[in-house]
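Hi,

Here is the structure I said I would pass on. Have a look, and my notes follow below.

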Amino acid sequence: METINLSTPADIAAVVASDIKTGGGVRRSIDTRSIVSGGSWPVTFASFVAPTIIEGTSFGVVTVKESSTPVAAVAENATKPTAVEFTNRSVSLQKFAGMGIISYEAHLGAAGLEGAVYHALARQSLMALESAFLTEFATVTGHTYATADDFVTGILEAQGMVASAGGNPSVIAISAVDVAALGTTMLNAAPGSGLMGTRTWGGSFVHVSPKLTAGNAVVLDPAAVTLGWNAESPSVLVDALSMSDTNRIRIVTDILAQPVVTNADLLVPVAAA
């Protein structure tokens, strides 16, 4: 499969338009960095986690957990404590796929295809992957707050929990619904740091996740998560043949990936009690 090093939906649309003109079905792999790093694409949890590129459909993961005997001063000739416990396991990738069908007459070249490519990859495949992150995060014991007025306090406490575990709580994820409500609260609580614009608060980047529900948040050190990512993902298939009897074209996108929490101490979901 050919890999194209393109960074924007417009660039990809131009290649797709060229493929359509040839009248064939072509599957291409898009350079991974352009998708997970944000830029012209939506910022997702994948934007904060360095992907582990793999050739197959499964990968080995090592999870880390602090033991009940942490690092301590050790006398001469004394036995050292087993401070960290490691667990090895194999994890399978999931497929996050989306498809769009447009008429040959309607595609109108690269300009008309840009929206189709963007929505198939960004609004379907990437958003499905965003949901997979939250499903994985739900396996971690979270932190609760008492009332809606305590939501910001709950986030601050979660930041402290990550920091006390030796992590850097550099990302706070909140829902789109909570942006307006928390903007003023966070600005009043920490003057000089804006929720939007630079989108930082209390030293953490604020990620507005379309898949989080109101009143829920996640505080994490990105080192807590590993993202297994197939080397040929994402791929875009242009099929101008199978529906040619009705002059329609399929544009199919596939992402093979799977997020895994490897250090639960560095990630804290926040929710109402």
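**What I found**

Strand S13 (residues 235-239) is mostly covered, with five of its five residues buried (buried means under 20% relative accessible area, exposed over 50%, partly exposed in between, with a 1.4 Å probe and protein chains only). Strands here are DSSP E runs of at least two residues, and helices are H or I runs of at least four, numbered from the N terminus. This is a predicted model, where local features need pLDDT of at least 70 and side-chain atom pairs count only at pLDDT 80 or more, while totals for chains, interfaces and linings use all residues. Residues are numbered from 1 along each chain as its sequence is written, and side-chain values use heavy atoms, without hydrogens and water.

Back to S13: Ser 235, Leu 237 and Asp 239 are buried on one face, and Val 236 and Val 238 on the other. S13 runs antiparallel to strand S14 (residues 248-261), joined by five bridges (two strands pair if DSSP finds at least two bridges between them). Opposite Ser 235 you'll find Asp 254 in S14.

Then there's an open sheet of six strands, ordered S7-S15-S11-S8-S10-S9, with mixed pairing. Its edges are S7 (143-145) and S9 (200-201), each pairing on one side only. Inside that order, S8 (residues 171-175) and S10 (residues 204-209) are parallel over five bridges, and Ile 172 has Val 206 in S10 as its bridge partner.

One last thing: Phe 86 sits in strand S5 (residues 84-92). Phe 86 counts as exposed because its relative accessibility is 58%.

Cheers
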